[in-house]
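Please keep the sequence and the structure side by side while reading the paragraphs that follow.

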Amino acid sequence: MPQRQKPAPSATRSKSARTLEAYAAAAPGLEPVVAAELEALGLTPRAENGGGGVAFSGPIESIARANLWLRTASRVIVRVASFRARAFHELERLARAIPWERFVSGGSAVTFRVTSRKSRLYHTGAIEQRLAEAIEHRLGKVSALEAPQSDDENDVPGSRAQLFVIRVVDDAFTVSADSSGALLHQRGYRQQVAKAPLRETLAAAMLIASDWSGTTPLIDPFCGSGTIPIEAALLARRMAPGLTRSFAFLSWPEVRSAMWEKLREEAVSDALPKSPVAISASDRDDGAIGAARANAQRAGVTGDIEFTVRAVSAIEPPHEMTGHVVTNPPYGIRIGEAERLRDLYARLGQILRKKCPGWELAMMSANSRLEREMRLPLSERLRTRNGGIEVRLLTTHLPPVVER
């Protein structure tokens, strides 16, 4: 993560220096981690009622920096307008006053995601139609209207139409422009996945929430397709997660390419050439390790991670006195699976006590019965969802071996 940036001296107030109200959306439960990231970027986070993200404000450079550096947010949206409308003629009049030209060019493709609750205007399709007509009226050209894509779709970064997020509650409209495009977890490196893949944003949240900062060794004995060790290598080397992808805001008419290139150049110069600590990843599935190696190569961190095909009982942590075990073991959600995993969790607890005394453990869990098999004093750090499953990040300090 970059060092806190000093604010640039203000000269004349240009269009690019306008203060924008922004919102870093995140999976429920990850808001404190996102807030800490924003603060480290020199931005001031503000909690929002209802959760699901963190608000902040600043010029377009702040929006660009957030997209470039945030590791745990899902997307960054920018407030375009807010107003009250109880009839369609009111909506049409107010929508035509929105400065759409700041966020989309005439003839460009647009899409809307509309939600409406407790409001007289509840037909989302009719709301979309009025907003599309307002854009056409304002820009003087017809804008192609595309169907909104699900946040779960694995689309290619940079390929979307400009998305506008419309939220209507009690007749109050909030219109926001998505500045990210494809969701921020799509760094571009994870093209091969193993079973039950972990999103990049959640893997990064596990690392940050467990207080791993890239200064001590790290091992992942259930690495799958390598998301946790790859995110660890990016974090240890201070590599910006959004460095190699595109973003929706880069197509906004007021955004200058020189500003973005300057931010990217700073990110490249700040990155370390190699991880300062050992990162080890293993899995008993050789296919998963093959996928992990390929993903690490695309992420540019192949030389920073030692990948090995081996069972958890064969892990060999570095000999340092302190380090972190950060992992996402199987959950045992399906009927009968938990019973089969009891021995695995019990064995995992024994191995960690024996081989990693004095280390810190951070693991995702969805089954309290399996947690108890480890016989470790686990504490909950955060609660969120992974693939539709409610999970908890649990941490503990592994007790040192007592000589008898």
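A salt bridge is here a side-chain nitrogen of Lys or Arg within 4 Å of a carboxyl oxygen of Asp or Glu. The model in view is a predicted one, and by this rule its count comes to 21 salt bridges. One of them joins the side chains of Arg46 and Glu21, with 2.9 Å from N to O. This pair ties together distant parts of the chain, since Arg46 belongs to strand 2 (residues 46-47) and Glu21 to strand 1 (residues 20-25), 25 residues apart.

Both of these strands belong to an open sheet of seven strands, in which the order is 2-3-1-4-7-6-5 and the pairing is mixed. Strand 2 and strand 5 (110-117) form the edges, each pairing on one side only. Within the sheet, strand 4 (residues 75-84) and strand 7 (residues 172-178) run antiparallel and are joined by seven bridges, and Ser82 stands opposite Thr174 of strand 7. Helix 4 (residues 124-139) packs on this sheet, where it touches strand 5, strand 6 (162-169) and strand 7, and its direction makes about 135° with that of strand 5. Helix 2 (residues 60-69), for its part, lies across strand 1, strand 3 (53-58) and strand 4, and runs at about 140° to strand 3.

Helix 4 also has a helical partner. Helix 3 (residues 88-96) packs with helix 4 at an angle of about 35°, with the two axes 9 Å apart, and the crossing is right-handed. From helix 3 the contact takes Phe88, Leu91, Glu92, Ala95 and Arg96, while helix 4 contributes Ala126, Ile127, Arg130, Leu131, Ala134, His137 and Arg138. Sorted by class, this contact holds seven nonpolar, one polar and four charged residues.

Which residues bring helix 5 and helix 6 together? Glu200, Ala203, Ala204, Met206, Leu207 and Ile208 of helix 5 meet Thr227, Ile228, Glu231, Ala232 and Leu235 of helix 6. By class, the residues in this contact are eight nonpolar, one polar and two charged. Helix 5 (residues 200-209) and helix 6 (residues 227-236) pack at an angle of about 65°, their axes lying 9 Å apart, and they too cross in the right-handed sense.

The pLDDT averages 89 over the chain, and 88% of the residues score at least 70. Residues 1-16, however, stay under 50, and for this stretch the model has 22 contacts beyond four places in sequence. The pLDDT is likewise below 50 over residues 153-159, a stretch with 13 contacts in the model beyond near neighbours in sequence.

Terms used. Residues are numbered from 1 along each chain as its sequence is written. This is a predicted model: local features need pLDDT of at least 70, side-chain atom pairs count only at pLDDT 80 or more; totals for chains, interfaces and linings use all residues. Side-chain values use heavy atoms; hydrogens and water are left out. pLDDT is the predictor's confidence in each residue, from 0 to 100. Contact means heavy atoms within 4.5 Å. Axes are lines fitted to C-alpha atoms, for helices over the stretch in contact, and angles run from 0 to 180 degrees between N-to-C directions. Helices (H or I, at least four residues) and strands (E, at least two) are DSSP runs, numbered from the N terminus. A crossing is left-handed if the near helix is turned anticlockwise from the far one by less than a right angle, and right-handed if clockwise. Ala, Val, Leu, Ile, Met, Phe, Trp, Tyr, Cys and Pro count as nonpolar, Asp, Glu, Lys and Arg as charged, and the others, Gly among them, as polar. Two strands pair if DSSP finds at least two bridges between them.
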